[in-house]
Amino acid sequence: MMHRHSAALAAILPPLAAATLSQQARAADAAAGAGNDAGWFATSDAAKESQPHWITPVVTVTPRLEQEYRYDQSWQARPNNVTLDNYGTGKGFELIPTLNTELIVGVPGYQVRTNAAGRATGWADETFLIKYRFAAENEEHGNYIVTGFLGLSVPSGAAAFTNKYTIVTPTLAAGKGWGTRDAGFDVQSTLGIAVPTAALSALGMPVTWNTAFQAHSGKLWPELETTYTYYRNGPNDGKSQLALTAGLVVGRFELSHRARLIVGGGFQKVVSSFKTTEHTWLLTARVAF
C-alpha cells in the first residue's frame, strides 16, 4: 500500500509543479500591478539591474540575487544498487526584500530511496538561506559579484531522511563575467562548510566547493560545473569526492508582463575514486519575477 501511495505521489508531483509555476506567473503579474507591492518590485528590480544578468546554474547556487519560484527534480544512482529520487530537492521561493539581500524559503523535497532492504519514502528537512551581496556591478560596469550566504537546515523531515539535528552552512560566493548581456562567458563559484549543531561524529562537517563555467548566447546557457567535497569528521573523515556536471539552461521566456520561464537540465558524474554517488540526472524549472 505504501509503495502504491508513494508511486502515485511521485507521479503527480511534476504536473503539480507545472501548475504551481503557472500560478506563480499569474500571481507575479497581478502583484506587479498592485500599488501596495510597487515598492517591493522597485527594490527587487533595482537589485537585479545593479548586478550581472547571468542565469542560475543547474547545481551551483548563484552569487546573484534572484527572485523566483524554483522546482527541481533529480534521479540519483548510488553505490551498491541504491537509488534516490528527489521531487523538489528543497528548492522553493526566492525573494529580494532589500537592495542587497535575498531570502530563500525551501519547500522540502519528497524522496524515494530504493535499496536491497526495500523502499523508503518521505519528506526531507526544511531549509532556509539568506544572501547578503557585498559588491556587484552589471555587464556595463565591471561584470562581477561577491556575496555571502548563511544556510539553515532544520530537522523536520521523515525519519528515513531527516538529519535529526540543525545544520548551519556559511558560504562565500563570487562570480566574474566577460562579454555583454546578449552573449559571453562567466564563472560562478561557492565555498561553504556544513556545521551540525550536534552529532558531529555521525554528520561530519563537509566542505563543498562548487564552480560553474557558463557560456551564453541569447537564451541558451550551456555549462560545465565541478563539485568538490572534502569530508571532515564523520564516517568519511579525510576523504574527498569530485563530481562533474554537464548542463544546459534556456530562458528567460516571457510568460506575462513580469514573469519569465527558465528551464534546464544536466547530468552529473562522480569521477573520483571515492564516491557517495555514481551519477545523477537533474531537471530544473523556475519562474522569475
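**Note on a predicted model: salt bridges, strands, cavity, pocket and surface patch**

1. The side chains of D45 and K48 form a salt bridge, with 4.0 Å from N to O; the term denotes a side-chain nitrogen of Lys or Arg within 4 Å of a carboxyl oxygen of Asp or Glu. Because D45 and K48 are three residues apart in helix 2, about one helical turn separates them. Over the whole structure, the search finds 10 salt bridges. Helices (H or I, at least four residues) and strands (E, at least two) are DSSP runs, numbered from the N terminus.

2. The basis of this note is as follows. The model is predicted, so local features need pLDDT of at least 70 and side-chain atom pairs count only at pLDDT 80 or more, while totals for chains, interfaces and linings use all residues. Residues are numbered from 1 along each chain as its sequence is written, and side-chain values use heavy atoms, with hydrogens and water left out.

3. K48 is also among the residues that lie nearest the centre of the second largest pocket, together with H53, R64, R252 and R260. This pocket holds about 520 Å³ of space and is lined by 18 residues. On a 1 Å grid over the protein atoms alone, a pocket is an open set of points with protein on both sides within 12 Å along at least five of seven lines, and lining residues have an atom within 4 Å of a point. A volume is the space filled by probe spheres set on the points, which are joined across faces, edges and corners.

4. Which residue classes line the second largest pocket? Its lining has 11 charged, four polar and three nonpolar residues. Here Asp, Glu, Lys and Arg count as charged, Ala, Val, Leu, Ile, Met, Phe, Trp, Tyr, Cys and Pro as nonpolar, and the others, Gly among them, as polar. Helix 2 (38-49) and strand 14 each supply at least two lining residues, and the largest share, three residues, comes from helix 2. R252 belongs to strand 14, and a cis peptide bond with omega of about 15° joins R252 to G251.

5. Strand 8 (residues 144-154) pairs with strand 7 (residues 126-137) in the antiparallel sense over 11 bridges. Strand 8 also pairs in the antiparallel sense with strand 9 (residues 167-179), over 10 bridges. Two strands pair if DSSP finds at least two bridges between them. In strand 8, V154 is the bridge partner of E126, and S153 stands opposite I167 of strand 9. Six residues lie between strand 7 and strand 8 in their hairpin, where G142 takes a positive phi near 140°.

6. One cavity of 30 Å³ or more is found in the whole structure. A cavity is a set of grid points where a 1.4 Å probe fits but cannot get out. Its lining consists of W54, E139, N143, G177, W178, T180, F185, D186 and H216. Strand 9 and strand 10 (183-193) are the elements that give two or more residues to this lining.

7. W178 and F185 are also among the residues that make a nonpolar surface patch of about 990 Å². The largest share of the patch, three residues, comes from strand 13, and Y228 is found in that strand. Such a patch is made of residues with over 30% relative accessible area and no salt bridge, with nonpolar side chains (Val, Leu, Ile, Met, Phe, Trp, Tyr) joined within 5 Å. Accessible areas come from the Shrake-Rupley method with a 1.4 Å probe, and for residues only the protein chains shown count as cover.

Key: Patch = residues over 30% accessible without salt bridge, like charges linked within 9 Å, V, L, I, M, F, W, Y side chains within 5 Å.
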